[in-house]
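Good morning, and thank you for making time for this presentation.

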Amino acid sequence: MPVRALAVLSLLLMAGACAAPQTGTFTPAPIVPVVSLDAAAEAQDPTAPFTLSVVDGILEEVNVTSDRSETIEGAFSEDLTSWTSDGILDAGSTHTVVAKAVSTDGTVTQFEQQFTTEARESSGFEVADVTPVVDGEEVGVGAPIIVTFTEDAPDRAAVERLLLVESEKGHEGAWNWISDNQVIYRTKEYWEPHQTVTFTADFEGEHLGDDVWGGEDYDAEMVIGESQISHVDLDAHTMTVEIDGEVAKELPISGGSGAEWEYYTATGVHLVMEKFADKTMVSPGREEGDEGYYSTDVKWATRINSTGEFVHGAPWNGSLGSANLSHGCVNASDADAKWFYEIAQRGDPVDVVGSPREMPWNNGWGFWILSFDEWKEGSAL
């Protein structure tokens, strides 16, 4: 090798020996959160809580829903590494768990998993009746929704949460429990007329307290007809009937005489409850032969409370429009009583003024006697 080439090679080797080592860019592996669910894939006990946990991260969001369109509540641990359900789940239902976890380096894990809860046999608690709901019937703007159950509610609040009332035109309303097996819904204001109201009880697979599980779901439709509101003025001896906001007719009437306390027509908002083309009126609390006993056949009797107040024909009463001479009913001519009978809908308000006797709110369907705030006090929620 020539001397010059050897010299160059020596310089290159010396330079290589003295140079700093080459360096590259180091990228650490991402920290991936790992999320796990301890619920059984199948047949999870609906009374047992379940927990969602994360390793190498924290839980930012957790959302659990059942296929009954219900959201399951729960609570995070203090360090946000776990979330545990709270309360009893829907039985025989598929639940979907969706969560988001994030690590210290910002890596996100999206988690979704489903599980099914064990079914529970119905304990027999169901809706036995809803009044006033009859196919083909239209009801008045004051109509309540009276729900009777097959047995006493073990937990009123648990049952009430599953009762839903929806209306086409919107409303505000509340439930009022009058016994453990009956609850009544009333609106804050009268229903808007000419609409359909839907009642639903979502009981299937629901825990209702103690060892009671709901039976079949129940739904019913109530059709609100014309707004028919009657105003009875006992001082003026008139009954003014408004239909959809317009005065349809003013009837000369005769109210209760007040000769005895029970012979006053009660003041307050009554509701039409039922009607009879023919009805025998018998004095309350008296038997034949007692002083004050009567038994009178009348026509076109429309009941407005439970203790015997009706609007009915009284052709014998010569004081229609001028004096109060009845035993507490609203007397009218047979023609006027028939007209009212024919248009009357269950739930039509009949507002009576001019009497010192106030009607109790629980006399028949006297629910409008209470203010809405008073009514709401009967709710379990």
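Residues are numbered from 1 along each chain as its sequence is written, and side-chain values use heavy atoms, with hydrogens and water left out.

A word on confidence. The pLDDT, the predictor's confidence in each residue from 0 to 100, averages 92 over the protein, and 93% of the residues score at least 70. Residues 1-19, however, have a pLDDT below 50, and in the model this stretch has 1 contact (heavy atoms within 4.5 Å) beyond near neighbours in sequence. Where pLDDT is low, the predicted coordinates should not be read in detail.

Let us return to the charged pairs. The whole structure contains 11 salt bridges. One of them joins Glu206 to Arg68, with 3.3 Å between the closest N and O atoms. This pair links distant parts of the chain, 138 residues apart: Glu206 lies in the loop between β14 and β15, and Arg68 in the loop between β3 and β4. Strands here are DSSP runs (E, at least two residues), numbered from the N terminus. How accessible is Glu206? Its relative accessibility is 7%, so Glu206 counts as buried; the term means under 20% relative accessible area, with exposed over 50% and partly exposed in between (1.4 Å probe, protein chains only). Arg68, at 21%, is partly exposed.

A second pair is Arg303 with Glu274, where N and O are 2.7 Å apart. Arg303 belongs to strand β21 (residues 295-303) and Glu274 to strand β20 (residues 274-282), 29 residues apart. Arg303 is buried at 13% relative accessible area, whereas Glu274 is partly exposed at 33%. Salt bridges that share partners also join Asp45, Glu118 and Arg120 into one network. Arg120 is partly exposed at 28%, as is Glu118 at 29%.

I turn now to the interior. In soluble globular proteins, nonpolar side chains tend to be buried together. A nonpolar core is a set of buried Ala, Val, Leu, Ile, Met, Phe, Trp, Tyr and Cys residues joined through side-chain atoms within 4.5 Å. The largest has 28 residues, and those with the most contacts inside it are Ile145, Val147, Phe149, Trp175, Trp191 and Phe203. Among the strands that each supply at least two residues of this core are β10 (145-149) and β12 (173-179). Leaving aside neighbours within four places in sequence, the contacts of Phe149 include Phe125, Val159, Trp177 and Phe203. A second, separate core of 19 residues includes Ile253, Val272, Phe340 and Val350.

Three strands form an open, antiparallel sheet in the order β3-β6-β7, where pairing requires at least two DSSP bridges between two strands. β3 and β6 (residues 94-102) pair over 8 bridges, and Val62 has Ala99 in β6 as its bridge partner.

Technical notes: Predicted model: local features only at pLDDT ≥ 70, side-chain atom pairs only at ≥ 80, totals over all residues. Helix = DSSP H or I, 4+ residues; strand = E, 2+ residues; numbered from the N terminus. Salt bridge = Lys/Arg side-chain N within 4 Å of Asp/Glu carboxyl O.
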